[in-house]
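Thank you all for coming; I would like to take a few minutes on one model and go through its helix packing, its core and a few backbone details. Please have a look at it first, and then I will start.

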Amino acid sequence: MDILQRFVTQDELTGLPVWLLAAFVAALGAIIGSFLNVVIHRVPREESIAFPASHCPSCGTAIRPYDNIPVVSWAVLRGRCRSCRVPISARYPSVELLTAALFALTYALHSGLTLSLPFDLAFVAAIVALVFIDAEHMILPNVITYPGFALALPARAVVPNLYGVASFGDGQVPPWLLSLGGAVLGALVGGGFLWLVGWLWERLRGVEAMGLGDVKMMLMVGAFLGWPLTLLTIFVGVLTGSVAGVAAMARRGERDMQMLLPFGIFLGLGSLVSLLFGAQIIDWYVAKF
Ligand SMILES: [Zn+2]
């Protein structure tokens, strides 16, 4: 109901049909997704994301502008380089489509046409990049998590998120400051929890369970989402990560949990679920008791 309400409001606000705005945000998502493909490919290889211009990783031919249209070009070229015909990974259109869908969902289900929208879209983009880099390289690069954390703080000051901290101030503290405090609290909860689990695991098993990348990722997620949604993120991440871990172990016949699952994938999934549906999930859960 709340979502529908917001749809109606926006329609009245801009005079444009919501599907048109959603399609526009999705198109923006496809373009950003195209950029994320560059980030996903180059950042783990420590290459510049600006230079040189996009080129075929196989033959080195520069990609022409008309061959660089998100999703469409890949389909037109049937997933092959125009020059050398070497297959281009399906990851490219997948990232573009996924980012388009997530952008449209973020707009329609969460942000609407508010000041929150650009910050939320930047957060989603960072999560998509982290998930795909972690899946391939098992790292969560600092060049994404540090700026992500640094951007989350001003974002929370400009667009206050008082979820979970509204009762702290008693009306004495201005919303932006209360929200900023909430962001720091969220970062401590997210980063602290992951750090503690890693520390305990190391103590108990004598092996490193997770890299500090997960901790830094959760600093960013925690600051952006606040502590209640951060706990939900960890819950969803652990739940889906465990299911995937058990499934992978069963398939490979391994018995050791030490298989190094890229946990960032599941934390990313959890943070997107939390961003889009988290408040409703928590409100529903709290109302049950
Ligand atoms: Zn080529």
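This is a predicted model: local features need pLDDT of at least 70, side-chain atom pairs count only at pLDDT 80 or more; totals for chains, interfaces and linings use all residues.

Residues are numbered from 1 along each chain as its sequence is written.

Two packed helices are described by the angle between their axes and the distance between the axes. Here axes are lines fitted to C-alpha atoms, for helices over the stretch in contact, with angles running from 0 to 180 degrees between N-to-C directions, and the helices themselves are DSSP runs (H or I, at least four residues), numbered from the N terminus.

Let me take α7 and α8 as the opening pair. Helix α7, residues 175-205, packs against helix α8, residues 212-225, at an angle of about 155°, and their axes are 6 Å apart. The two are therefore roughly antiparallel, where that term applies to angles over 145 degrees, while under 35 counts as roughly parallel, 65 to 115 as roughly perpendicular and the rest as oblique. The crossing of α7 and α8 is right-handed, meaning that the near helix is turned clockwise from the far one by less than a right angle. Among the residues making this contact are G186, G190, W195 and G198 of α7, together with D214, M218 and G222 of α8; contact here requires C-beta atoms, placed from the backbone, to lie within 7 Å. By class, the contact has 12 nonpolar, 5 polar and 1 charged residues, with Ala, Val, Leu, Ile, Met, Phe, Trp, Tyr, Cys and Pro counted as nonpolar, Asp, Glu, Lys and Arg as charged, and the others, Gly among them, as polar.

Staying in α8, is M217 buried or exposed? M217, which is found in helix α8, counts as buried because 31 C-beta neighbours lie inside 10 Å; the cut-off for buried is 20 or more other C-beta atoms within 10 Å, for exposed 12 or fewer, and partly exposed lies in between. Leaving aside residues up to four places away in sequence, M217 touches L130, L140, T145, G264 and L267. The C-alpha atoms of M217 and L140 are separated by 7.3 Å, although these residues are 77 apart along the chain.

Of its 62 residues, F103, V124, V128, A129 and L130 touch the most other members. Helices that each supply at least two residues include α2, α4, α7 and α8, and α5 gives the most, with 13 residues.

The second pair is α2 and α4, whose axes come within 7 Å and cross at roughly 140°, so they are oblique to each other. This crossing is also right-handed, and the contact has 18 nonpolar, 5 polar and 1 charged residues.

Finally, the backbone details. A cis peptide bond, with omega of about -10°, joins F51 and P52, and P52 has its place in the loop between α2 and α3. V71 is found in that loop between α2 and α3, and its phi is near 60°, a positive value in a residue other than glycine. M138, in the loop between α5 and α6, has a positive phi of about 60° although it is not a glycine.

Key: Two residues are in contact if their C-beta atoms, placed from the backbone, lie within 7 Å. A nonpolar core is a set of buried Ala, Val, Leu, Ile, Met, Phe, Trp, Tyr and Cys residues joined through C-beta atoms within 7 Å.
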